[in-house]
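Reader: I'm new to this one. Can you walk me through it, a piece at a time?

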Amino acid sequence: MYKLLSINESNVTRTVDLENISTKTIDTCFDDSALVSIDNNFDFMEIGKEYECKIKLFGEPTATRSERSVDCTIMEDNVMVGNTLLVKICIDDNIYYIYQEKVVPYLSARRFMFEFTRKDLIQVNDIIHEDLQ
């Protein structure tokens, strides 16, 4: 469960700051859902309210540690969000999702390092981002 702290509007996409209610981690996520769908988007979200959210990490697995790399533990593979196959991972007690195709070599090891470039909001409550449909 996440609490919406702020919305930063932009011409192309907006960013939202979400606070994980359990871990108190604050994630800044891209939300371009209104660009790809008029009806199936996250524009209903209101600052101060709480939502069930799924956040996807964009980036690449890495063998070297860097400022942007994180240690990931696979919680569940073969997770379908819409029509998209993802892997559910845990980073410091926070749950995120990554395209399964990115981490196939690590599925049996259940652990890997990932260097992410951004976080995207892919689901809020029962609304799934159109790109995953």
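Author: What follows covers a strand and its partners, one threonine, and some salt bridges.
Author: This is a predicted model, where local features need pLDDT of at least 70, side-chain atom pairs count only at pLDDT 80 or more, and totals for chains, interfaces and linings use all residues. Residues are numbered from 1 along each chain as its sequence is written, and side-chain values use heavy atoms, with hydrogens and water left out.

Reader: OK. Is strand β2 mostly covered or mostly open?
Author: Mostly covered. β2 spans residues 14-20, and seven of its seven residues are buried. Buried means under 20% relative accessible area, exposed over 50%, and partly exposed in between, with a 1.4 Å probe and protein chains only. Strands are DSSP runs of E, at least two residues long, numbered from the N terminus.

Reader: Which residues of β2 point which way?
Author: R14, V16, L18 and N20 point one way. T15, D17 and E19 point the other way. In a regular strand, side chains alternate between the two faces of the sheet.

Reader: What does β2 pair with on the β1 side, and in which sense?
Author: β1, residues 2-8, pairs with β2 in the antiparallel sense over six bridges. Two strands pair if DSSP finds at least two bridges between them. S6 stands opposite D17 in β2. A hairpin of five residues joins β1 to β2.

Reader: And how many bridges tie β2 to β3?
Author: Six, again in the antiparallel sense, with β3 at residues 26-31. Here E19 stands opposite I26 in β3. β2 and β3 form a hairpin too, with five residues between them. In that turn, K24 has a positive phi of about 70°.

Reader: Back to R14. Which side chain does R14 meet in a salt bridge?
Author: D31, at 2.7 Å, N to O. R14 lies in β2 and D31 in β3, so the pair ties together parts that are 17 residues apart in sequence. A salt bridge here is a side-chain nitrogen of Lys or Arg within 4 Å of a carboxyl oxygen of Asp or Glu.

Reader: Why do R14 and D31 count as buried?
Author: R14 is buried because its relative accessible area is 7%. D31 counts as buried because its relative accessibility is 3%.

Reader: How many salt bridges does the structure hold?
Author: Nine. Side chains of opposite charge can pair when their charged atoms come close.

Reader: Where does K102 find its partner?
Author: The side chain of K102 meets E60 at 2.4 Å, N to O, in a salt bridge. K102 sits in the loop between β8 (94-99) and β9 (111-124), while E60 is in strand β5 (residues 53-62), 42 residues apart. K102 counts as partly exposed at 28% relative accessibility, and so does E60 at 43%.

Reader: What about D71 and R65?
Author: They form a salt bridge at 3.2 Å, N to O. D71 is partly exposed at 36%, whereas R65 is exposed at 56%. Elsewhere, salt bridges that share partners join E9, R14, D31 and D43 into one network.

Reader: New topic. Where does T84 lie?
Author: In strand β7, residues 84-91. T84 counts as buried because its relative accessibility is 13%.

Reader: What does the side chain of T84 reach?
Author: The backbone oxygen of L132, at 3.2 Å.

Reader: Which residues does T84 touch?
Author: V79, Y99, D131 and L132, not counting residues up to four places away in sequence. Contact means heavy atoms within 4.5 Å.

Methods
Helix = DSSP H or I, 4+ residues; strand = E, 2+ residues; numbered from the N terminus. Polar contact = N/O pair within 3.5 Å; in protein donor to acceptor, adjacent residues only side chain to side chain.
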